[in-house]
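Good morning, and thank you for coming. Please look at the structure on the screen while I take you through it.

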Amino acid sequence: MKKFELYRNVRKKAMIWGLPISMFALMMIAVIGSLLVIIFSFSFAMIISVVVLNAVLYISLTRISANPQLLQYSKVFPKIITLKRSTGIDYE
């Protein structure tokens, strides 16, 4: 009988096909768009190019998710939020 291991780190980082949820959604949008391109163009070269494009997108998204320093964004919120009035005078 086969035993399955429980995945308990769902809250930390939910993954589908090795991608976080947002990158998986981006991948699915690309797949749906490529299906529309394949339906409306009957060229074999277009079908091959769309498949290659989706493969490259998947590989690049898995590399980005494995190494998040590639897309380092600046922080939006300040480190400290305070209600003190800023006088502009430095006491240091």
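Of the 92 residues in the protein chain, 12% count as buried, where buried means under 20% relative accessible area, exposed over 50%, and partly exposed in between, with a 1.4 Å probe and protein chains only. The accessible surface of the chain comes to about 9,100 Å², and 68% of that belongs to carbon and sulfur atoms; these areas come from the Shrake-Rupley method with a 1.4 Å probe, and for residues only the protein chains shown count as cover.

Please note that this is a predicted model, in which local features need pLDDT of at least 70 and side-chain atom pairs count only at pLDDT 80 or more, while totals for chains, interfaces and linings use all residues. Residues are numbered from 1 along each chain as its sequence is written, and side-chain values use heavy atoms, with hydrogens and water left out.

The mean pLDDT of the chain is 78, and 72% of its residues reach 70 or more; pLDDT is the predictor's confidence in each residue, from 0 to 100. Confidence is lowest in strand 1, at a mean of 72, and highest in helix 2, at 88.

The chain has 2 helices and 2 strands, in the order β-β-α-α along the sequence. Helices (H or I, at least four residues) and strands (E, at least two) are DSSP runs, numbered from the N terminus.

Let me turn to helix 1. Which of its residues are buried? They include Met23, Phe24, Met27 and Ser34. These residues cover an arc of only 100° around the axis, which puts them on the same side of helix 1; the arc is that of the directions from the helix axis to the C-beta atoms. On the other side of helix 1, Ser22, Ile29, Ile32, Ile39 and Phe40 are exposed. The buried residues pack against strand 1 (15-16), strand 2 (19-20) and helix 2 (44-66), a contact being heavy atoms within 4.5 Å.

Helix 2 contains Asn54, which is buried, with a relative accessible area of 14%. Leaving aside residues up to four places away in sequence, Asn54 touches Met27, Ala30, Val31 and Ser34.

Ser65 is also found in helix 2, and at 11% relative accessibility it counts as buried. The side chain of Ser65 reaches the backbone oxygen of Thr62 at 2.9 Å.

Conventions. A polar contact is a pair of N or O atoms within 3.5 Å; within protein, one must be able to donate a hydrogen and the other to accept it, and residues adjacent in sequence count only if both atoms are side-chain atoms.
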